[in-house]
Amino acid sequence: MIRRLTLVVALAVSVAACGGPSTPTTEAPTEPTSTTVPATTTTTVPTTTTTPDDGFPVTIDAANGPVTIERRPERIVSLSPTATEMLFAIGAGTQVAAADSFSNYPEEAPTTDLSGFEPNLEAISAYEPDLVVLSYDPGDVIAGLEAIGIPAILQPAATTLDDTFAQIEQLGAATGNLADAAALVARMQADIDELVASVPTFDEPPTYYHELDPTYFTATSKTFIGEIYGLVGLANIADEADPDGYGYPQLSAEYILERDPDFVFLADVKCCGQTAETVAARPGWDRLTAVQEGRVVELDDDVASRWGPRIVDLLATVAEAVAQLEPVG
């Protein structure tokens, strides 16, 4: 179910396991002298080469095209909370000079007032970055950074777990932490497999409603978060309300009450003050099976909205809730 490690990652894991320096175990060719890492939307195994020294220069096949990084970056600016979490998780935290205003994890992240939604070229360049990572470009920021010689990697929101793994690998290669990135991906995959195996199987899949905000916007099975729920065998009540496949329909209270989901997962706890108690107080919601059976689950908004290493924590919360439901039949 979960993608196995690519050849690049398998090589890096073997190097890390030996405890030796991060040089390839096979002789590197004399040309080319750069490494190419696939974009997050590709799933084929890339061909890679490395230099005999530290792996730089390296070329990243990012969403914004090939990006060449001449040397190991030491002043990274991250304009994506997810990328910030990934960078710290692969051991590149000390290389991060500044992070955007929403990068609130981990605690030691150098959070600033930089905006990831409205990136400002002058504000970014004031930190003298040698690499910028962002998840959104309004149209001219990356071009502006390239014009002044600053490489930038665009990593848009992941749509699948494979995208997450690929982005982690990209950042590992881009920062000189490929072995640590490979090890992180391997741990995540193993943890996910273990969590999936821990959940009972059901003759009829339990149903759920994932709440993005109190106006009943939600996410279907076609989204990244929908894939997480699908791993543990849950069926999404919103799917039939999204015939065009947009992925984020707005439901009505009547629709939700009629479908009577087995679980309600709240991703609007921090932002909007929603809890199991506020849900139960909504008109008619006290009749929901999820409310009556104590299966309204309060999520961490940040964890539920990002696609980084903590997706394992999200899956663990969901799996724990599902494990309490006794199979019928």
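Predicted model: local features only at pLDDT ≥ 70, side-chain atom pairs only at ≥ 80, totals over all residues.
A disulfide is a covalent bond between the sulfur atoms of two cysteines.

**First stop: the disulfide.** Select Cys-271 and Cys-272, which form a disulfide with their sulfur atoms 2.5 Å apart. The structure holds 1 disulfide. Display the torsion about the S-S bond of Cys-271 and Cys-272: the value is about -95°, so the disulfide is left-handed. Next, colour Cys-272 by accessibility; at 30% relative accessibility, Cys-272 counts as partly exposed.

**Second stop: the open sheet.** Select strands β5, β4, β6 and β7. These 4 strands form an open sheet in the order β5-β4-β6-β7, and the pairing is parallel. The edges are held by β5 (96-99) and β7 (152-154); each has a single partner strand, so one side of each is left without a neighbour in the sheet. On average, neighbouring strands of this sheet are turned by 15° against each other, direction ignored.

Is α2 mostly covered or uncovered? The helix is mostly covered, with 8 of its 9 residues buried. Among the buried residues are Pro-81, Glu-85, Met-86 and Phe-88. To see what the buried residues of α2 pack against, show β4, β5, β6 and α5 (161-175). Following α2 is Gly-91, whose phi is positive, near 90°.

Select Ile-69, Leu-234 and Phe-265, the residues with the most contacts inside the largest nonpolar core, which has 60 residues. Helix α13 (residues 311-323) gives the most to this core, with 8 residues. Colour domain 1 (58-189) and domain 2 (201-324) separately: both give residues to this core, so it lies between them. Then centre the view on Leu-234. Setting aside residues up to four places away in sequence, Leu-234 touches Pro-206, Tyr-208, Tyr-229, Phe-263, Phe-265, Val-318 and Val-322. To finish, select Tyr-209, Ile-256, Leu-266 and Val-291, which are included in a second, separate core of 16 residues.

Note on methods. Residues numbered from 1 in each chain as written. Heavy atoms only, no water. Core = buried A, V, L, I, M, F, W, Y, C linked by side-chain atoms within 4.5 Å. Buried < 20%, exposed > 50% of the residue type's maximum accessible area, 1.4 Å probe, protein only. Helix = DSSP H or I, 4+ residues; strand = E, 2+ residues; numbered from the N terminus. Domains from an automatic or database assignment. Contact = heavy atoms within 4.5 Å. Disulfide = S-S within 2.5 Å. Pairing = 2+ DSSP bridges. Axes fitted to C-alpha atoms, helices over the stretch in contact; angles between N-to-C directions.
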